[in-house]
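Welcome! Take a moment to look over the sequence and the 3D view, and then we can walk through them together.

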Amino acid sequence: FGGNTLSTDKKYYLQVGALEPESDKYVNDSIHTTRGGNDFIIFLDRLKHHPAVESVCFTDMHRHYVWMNRGSMLYVDTLDVGTYTREVNPYYFRVFRVKSADGSSPEQLAAKATPNGIIITENIVEKLFPQGSAVGQEVKLNNDTIPITAVCENQKYNEYTAHYRATYQIFNINNIAMRNVKSIPRLSVYIRVRSEADHTDFIRDFRNEMHSQLMIGNLYLEEMTSMKEVRDEHLKDYRNDLYTYLAVALFFLMNVFLAVLGTFWFRTEQRKGELGLRVALGSSRMSMRSLLLNEGIVLLSIAFIPAMVVGYTLGHGDVVSTWPVEFTMIRFIVTAIITYVLLL
């Protein structure tokens, strides 16, 4: 996930459900006096102690491969930057193997996650603190001044998006304990499974084993999905769009090929007399072929230079769509080279 994209191996999404008063299994408050938040903490603890589970985390307003984010602004003096603000607990970085910007392990990054500070991605540092380190600095977020405790590596939302700026706020477990039961389903729970325990029937076996244990008060395990399945469903539209773009690109490439072929054919037909004279004066067929091809390369190069100037101007000025992948000089140069070679 960090720097590249989210790894979905050995990870599962769990949706916690809350029973309605109409349910036969609903427990009245006079019988079950514990708050829903306390029940949720017990829910997490039972997950954590399952022998197959390596780590457990939960998030609010942030679900991987689902467009659910809270936008906000970070301010430092006169500088500001837009960011996705995601509420997570410290184990989040361990479950999704998010590293620090300096390469420190997810465990080391998780140790720096405290409710009194925030963790930001590296591209926010480049914007707000271009001259120095951000750790220990204070920023304004939602009218609150809060210190930066760590910087994590840049992150993509999925394989087809740019590196989005993200700010991670850490849950205070005491605040979670005070929540009522109806607010708990808003939270998303993720588990990382040990390698030796992960198999194709894991969800079925896990639900059968933990069904009764995860019935706590009016909370229960409503849904459990492999992150691979979540990822495939999320990327389906992207892939369909990509296939459409490829089909259109191939169609236009064939048109370009036919146009170039026709142009060369026309030029050669119009210059038969000149070519015949050159042959009569001793030119070989190989030299004639080289003459025509080299002329074509020169014409292509002459036309290509102003075309690339126009293309760069349009991309740099955001005249053309640059979503979901940002316009960068490296991307522009690579695609320019590919285009030139194809035309050549």
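## A charged pair to start with

Asp232 is partly exposed, with a relative accessible area of 37% (buried means under 20%, exposed over 50%, and partly exposed in between, with a 1.4 Å probe and protein chains only). Asp232 forms a salt bridge with Arg239, with 3.9 Å between the closest N and O atoms; a salt bridge here is a side-chain nitrogen of Lys or Arg within 4 Å of a carboxyl oxygen of Asp or Glu. Arg239 also counts as partly exposed, at 25% relative accessibility.

Before going on, please note that this is a predicted model, where local features need pLDDT of at least 70, side-chain atom pairs count only at pLDDT 80 or more, and totals for chains, interfaces and linings use all residues. Residues are numbered from 1 along each chain as its sequence is written, and side-chain values use heavy atoms, leaving out hydrogens and water.

## Other salt bridges

By this rule there are 17 salt bridges. One of them joins the side chains of Asp60 and Arg186 at 3.1 Å, N to O. This pair links distant parts of the chain, 126 residues apart: Asp60 is in strand E2, and Arg186 is in the loop between helix H5 (173-177) and E11. Helices (H or I, at least four residues) and strands (E, at least two) are DSSP runs, numbered from the N terminus. Asp60 is buried at 2% relative accessibility, while Arg186 is partly exposed at 46%.

## The overall form

The protein chain has 10 helices and 12 strands. Its radius of gyration is 29 Å, well over the 20 Å that the globule rule gives for 344 residues, so the chain is more spread out than a compact globule. The radius is taken over C-alpha atoms, and the globule rule is 2.2 Å times the number of residues to the power 0.38. Along the principal axes, the C-alpha atoms fill a box of roughly 110 × 50 × 35 Å.

## Nonpolar cores

Which residues touch the most other members of the largest nonpolar core? They are Phe40, Leu47, Val189 and Ile191, in a core of 28 residues. A nonpolar core is a set of buried Ala, Val, Leu, Ile, Met, Phe, Trp, Tyr and Cys residues joined through side-chain atoms within 4.5 Å. A second, separate core has 23 residues, including Tyr65, Phe93, Val95 and Tyr168.
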